[in-house]
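Welcome! Here is a short briefing to read alongside the sequence and the 3D view.

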Amino acid sequence: MAMLAPVPTHDTRQSDGVRLSTSPTILEAIREEACNLAVWERAPMAGLDTIITPELASIRFTSALGDLPERLRKELRAAGYPQTEITDALAADIDTLAARYAGIYGHSALELRLEIVTTNSCRKFHADYVEARLITTYVGRGTDWLSNADADRVAAGGDPAQIRSLGPGDVGLFKGKMATEHPAIHRSPPIEGTGETRLLLVLNPARLATAAL
């Protein structure tokens, strides 16, 4: 069965509002006042890139947490995902992330988006109008993000000194405008015209099911 490869150490770092670790418990740091982005660094899912094509339909629905696993599997079949162990592993990983995200904030229902992305999508740096949004890219380039210092440079009309990115498989909790005056600033990586395909998962609380990555 396809599964996430283990990472040997739990290295934890923090800098300028960001907390990063190879341990999933780092996502709980998003509740800290000084943290606007928590990143669980992990390896990409083995074999998933072999079944992802632009022809697969994107998925979007809102569900009570307890109903989400069954609804997700129905949506995956309807979207054209093959009935293989790789798809089963993807569904199981999404179930786990949904439960972890809901547990951090006490959500009983979530909006789930699993999107096939071949364009630049939200190409401008921005913050989301949510409390916190979970984002992971299973296949392709991950979400670009800025340190607080670089976010200030962009807000002032300048260019960032460094654009950082989530790796494939990494899970980010991006604090939004509803939770802080210093939300996580991020964008979709510019891939239009490159022939690249991304498989992107976004989780929102159901009551704040808004668009935009």
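Predicted model: local features only at pLDDT ≥ 70, side-chain atom pairs only at ≥ 80, totals over all residues.

Residues are numbered from 1 along each chain as its sequence is written, and side-chain values use heavy atoms, with hydrogens and water left out.

- Strands here are DSSP runs of E with at least two residues, numbered from the N terminus.
- Strand E3 (residues 37-40) is covered on both faces: Leu37 and Val39 on one side, and Ala38 and Trp40 on the other, are all buried (under 20% relative accessible area, 1.4 Å probe, protein chains only).
- In a regular strand, side chains alternate between the two faces of the sheet.
- Strand E2 (residues 18-21) runs parallel to E3, joined by 4 bridges, and Ser21 stands opposite Trp40.
- Strand E9 (residues 171-175) runs antiparallel to E3, also through 4 bridges, with Gly172 as the bridge partner of Val39.

**Glu111**
- Glu111 lies in strand E5 (residues 109-117).
- Glu111 is buried because its relative accessible area is 2%.

**The E8-E7-E10 sheet**
- Two strands pair if DSSP finds at least two bridges between them.
- An open sheet of 3 strands has the order E8-E7-E10, with antiparallel pairing.
- Its edge strands, E8 (164-165) and E10 (186-187), each pair on one side only.
- Strand E7 (residues 144-145) pairs with E10 over 2 bridges, and Trp145 has His186 as its bridge partner.

Definitions and conventions
Buried < 20%, exposed > 50% of the residue type's maximum accessible area, 1.4 Å probe, protein only.
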